[in-house]
Amino acid sequence: MNIHEYQAKELFVKFGVPTPGGIMAATPEEAKAAAEKLTGGLVVKAQIHAGGRGKGTFQNGFKGGVHLAETPGRAAELASQMLGQVLVTHQTGPEGKLVSKVLIAQSVDIKKEYYLAILLDRAEKCPVIVASAEGGVNIEEVAESRPEAIIRTHVHPALGLQSFQTRKIARQIGLGGDKLRAFEKLLTALYRLFIECDCSMVEVNPLVETTDGQILALDAKFNFDDNALYRQKEVAAMRDTTEEDPREVDASAFNLNYIGLDGDIACMVNGAGLAMATMDIIKLHGGEPANFLDVGGGANEEQVKQAFRILLSDPKVKAILVNIFGGIMRCDVIAQGIINAAREMKLEVPLVVRLEGTNVEQGRELLGASGLKLTAATDLTDAAQKVVAAAQAA
């Protein structure tokens, strides 16, 4: 799950991470009122779940999703140019994202920009701190052209972040004296936030040194472990479903793991590993998967029916492949769910089914006696070849 920058600032304030003040606004009037409450210079930032806002372009022709504002009136004017408009950046794709909120924040006089992030290193099974003395909008170019400028420090999950590590990182990016101590304080607070909020990523870009010697987190991107949201009520409440694919939101309501893709072969599979293998073998045989859909190890008939409904909501789908290995899940339950869903929704696209595992014979008998127009597959290769052929024929 991702959150907006204004929500990230709320977490920064809660955990003591130094950051300029800011207030969210959903209308130009709110933007003006927010600007009047803040002191000093102002900056107006479009709020979307994507990077590259500063270099983005609105579909109405307005350039940039981040602008300085000298007065509250100018902040309201900029907000009116952004709100209700679609912003296109290098991360959104050509379709862009609708801006429904802006952040009115205090601007600061920047002396130098840095990059700072905390991620989960799954290979090392621990958090890793990534830092660079060359932060800002072009950090991706730095990572590609000069990887030696990127510093990585792993943190032992049991011992936690140690003070010698924060000092070492500070020196590596060129901070000393009072600025080193300010960085230590910021990074320690940021790491505590990362752990206590079950984050999978916290990225601060840029981290800045101001002309008066402060070290501040100017911008932030967060990602949270969805599996831990049950114990993160405050974070879960920050979810903005308007920023997500409606099908993914719909699927999550039924505990289905769905990710939309660009192909035309819909997949319904149990288990993430099997789902990935299914998509791979579809591509191997010349097809393009339309989605990743993992119904999990204990899906019931209702979940299978809802999964079919979500798959069929994609107008690009030309064929469906159901690939189930029944371990915990029973093949006869899946078969009955398929039958109910196909009858209720008057399935018109080709359907290929491969079942294996617990109660597989009962499942195959149910499908065979259903009268549905479906194609049975004996194994994964057979299933992929048949569904690709069906999609191409359609």
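The second largest pocket holds about 220 Å³ of space. A pocket here is an open set of points on a 1 Å grid over the protein atoms alone, with protein on both sides within 12 Å along at least five of seven lines, and its volume is the space filled by probe spheres set on the points. The pocket is lined by His 49, Ala 50, Gln 91, Thr 92, Glu 95, Gly 96, Lys 97, Thr 242, Glu 243, Glu 244, Asp 245 and Pro 246; a lining residue has an atom within 4 Å of a point. By class, this lining has two nonpolar, five polar and five charged residues. Ala, Val, Leu, Ile, Met, Phe, Trp, Tyr, Cys and Pro count as nonpolar, Asp, Glu, Lys and Arg as charged, and the others, Gly among them, as polar.

The model is predicted, with pLDDT of at least 70 needed for local features and 80 or more for side-chain atom pairs, while totals for chains, interfaces and linings use all residues. Residues are numbered from 1 along each chain as its sequence is written, and side-chain values use heavy atoms, without hydrogens and water.

Next come the helix pairs. Two packed helices are described by the angle between their axes and the distance between the axes. Helices are DSSP runs (H or I, at least four residues) numbered from the N terminus; axes are lines fitted to C-alpha atoms over the stretch in contact, with angles from 0 to 180 degrees between N-to-C directions.

Helix H1 (residues 5-15) packs against helix H6 (residues 177-196) at about 110°, the axes being 9 Å apart. H1 and H6 are therefore roughly perpendicular, a term for angles of 65 to 115 degrees. Leu 11, Phe 12 and Phe 15 of H1 make the contact (heavy atoms within 4.5 Å) with Ala 189, Leu 190, Arg 192, Leu 193 and Glu 196 of H6. Six of these residues are nonpolar, none polar and two charged.

The axes of H2 (residues 28-37) and H3 (residues 72-82) come within 8 Å and cross at roughly 150°. Pro 28, Ala 31, Lys 32, Ala 35 and Glu 36 in H2 meet Pro 72, Ala 75, Ala 76, Ala 79 and Ser 80 in H3. Seven nonpolar, one polar and two charged residues form this contact.

Between H11 (residues 331-345) and H12 (residues 360-369), the axes come within 7 Å and cross at roughly 20°. That makes H11 roughly parallel to H12, the term for angles under 35 degrees. Among the residues that meet are Ile 338 and Ile 339 in H11 and Leu 366 and Leu 367 in H12.

Notes: Helix = DSSP H or I, 4+ residues; strand = E, 2+ residues; numbered from the N terminus. 1 Å grid on protein atoms, 1.4 Å probe; cavity = no way out; pocket = protein on both sides within 12 Å on 5 of 7 lines; lining within 4 Å. Parallel < 35°, antiparallel > 145°, perpendicular 65-115°, else oblique.
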